[in-house]
Amino acid sequence: MMAVFATPEDVEATFYEAIARADLAALMSVWADDEEIVCIHPTGQRLTGAAAIRDSWRAIFTNNPQLTVRLSRAVRWSGMLLAVHNVVETLYIGDERKPHGPMLATNVFQRGASGWRLLAHHASTAADRDAAETSGSSGSDGATPRTLH
């Protein structure tokens with residue numbers, strides 16, 4: 001049975017928890033059932049469709065058994081059928097204490113018959129200025145949701 005996500009935040013939490021557990025099935029469960037889903041990793045390659053996205057994450061998990069992504073400085077826009085979250089991701093690999101990143105990520109969510117799902121994830125390396133603004137921040141920053149018009 002397919003999980004039903006009541007909010008975009010539920011989808012996002014499941015996505016990043018799946019990354020932390022290297023759980024490919026859970027990670028793929030958050031994606032929309034759409035041929036045109038898109039994932040862009042910081043390397044810049046655009047992956048379209050579930051098969052390409054699954055293969056890329058399988059390779060990432062094979063090469064990096066433990067990844068932890070901490071989110072901060074969230075900006076959220078929300079409408080009835082679409083939500084967009086822009087977050088700062090700080091990546092920790094294995095037991096390393098030194099973070100990698102920060103990266104800027106935009107997650108686009110779509111609401112359908114089976115609840116909210118991830119339609120697109122785009123992550124890119126942040127500029128040095130963004131890195132300076134994020135130092136010392138951790139976790140969710142309680143960003144105020146915005147409404148799409």
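This note goes through a predicted model of one protein chain, point by point.

1. Basis of the model. Because the structure is predicted, local features are reported only where pLDDT is at least 70 and side-chain atom pairs only at pLDDT 80 or more, while totals for chains, interfaces and linings use all residues. Residues are numbered from 1 along each chain as its sequence is written, and side-chain values rest on heavy atoms, with hydrogens and water left out.

2. Overall make-up. The protein chain contains four helices and seven strands, where helices (H or I, at least four residues) and strands (E, at least two) are DSSP runs numbered from the N terminus. Along the sequence these elements follow the pattern α-α-β-β-α-β-β-β-β-α-β. Of the 149 residues in the protein chain, 39% are buried; buried means under 20% relative accessible area, exposed means over 50%, and partly exposed lies in between, with a 1.4 Å probe and protein chains only. Among contacts with a separation of 6 or more, 54% join residues 24 or more positions apart, a contact being heavy atoms within 4.5 Å.

3. Helix α3. This helix covers residues 50-63, and its 14 residues reach 20 Å from the first C-alpha to the last, close to the 20 Å expected at 1.5 Å a residue (the expected span is 1.5 Å times one less than the number of residues). Within α3, the residues Ile53, Ser56, Trp57 and Phe61 are buried. They lie on the same side of α3, because they cover an arc of only 135° around the axis, the arc being that of the directions from the helix axis to the C-beta atoms. On the other side of α3, Thr62 and Asn63 are exposed. As for what they meet, the buried residues of α3 pack against α1 (8-21), α2 (24-29), β1 (38-40) and β2 (46-48).

4. Aromatic pairs. Rings of Phe, Tyr and Trp (for Trp, its six-membered ring) pair if their centres lie within 6.5 Å, and planes under 30 degrees apart count as stacked, over 60 as edge-to-face and the rest as tilted. By this rule there are four aromatic pairs. One of them joins Phe15 and Trp31 edge-to-face, with 6.4 Å centre to centre and 80° between the planes. Since Phe15 lies in helix α1 and Trp31 in the loop between α2 and β1, the pair ties together parts that are 16 residues apart in sequence. Phe15 is buried, with a relative accessible area of 2%, and Trp31 is buried as well, with a relative accessible area of 5%. The rings of Trp57 and Phe61 have centres 5.6 Å apart and planes at 45°, so this pair is tilted. Both Trp57 and Phe61 lie in helix α3, four residues apart, which is about one turn of the helix. Ring pairs link Phe15, Tyr16, Trp31, Trp57 and Phe61 into a cluster.

5. The largest pocket. This pocket holds about 360 Å³ of space. Its lining is made up of 19 residues, of which His41, Pro42, Trp57, Ile60 and Leu91 lie nearest its centre. The elements giving two or more residues to that lining are α1, α3, β3 (67-78), β4 (82-93) and β6 (115-125). On a 1 Å grid over the protein atoms alone, a pocket is an open set of points where a 1.4 Å probe fits, with protein on both sides within 12 Å along at least five of seven lines, and lining residues have an atom within 4 Å of a point. Grid points are joined across faces, edges and corners, and the volume is the space filled by probe spheres set on the points.

6. Positive phi angles. Ala22 has a positive phi of about 55° although it is not a glycine, and Ala22 lies in the loop between α1 and α2. Arg73, also not a glycine, has a positive phi of about 50° and is found in strand β3. Ala22 counts as partly exposed at 26% relative accessibility, and Arg73 counts as partly exposed at 29%.

7. Two buried positions. Gly49, in the loop between β2 and α3, is buried with a relative accessible area of 10%. Leaving aside neighbours within four places in sequence, Gly49 is in contact with Glu35 and Ile37; the C-alpha atoms of Gly49 and Ile37 are separated by 5.2 Å, although these residues are twelve apart along the chain. Thr90 lies in strand β4 and is buried, with a relative accessible area of 17%. With neighbours within four places in sequence again left aside, Thr90 is in contact with Thr68, Val69, Arg70, Pro99, His100 and Pro102.
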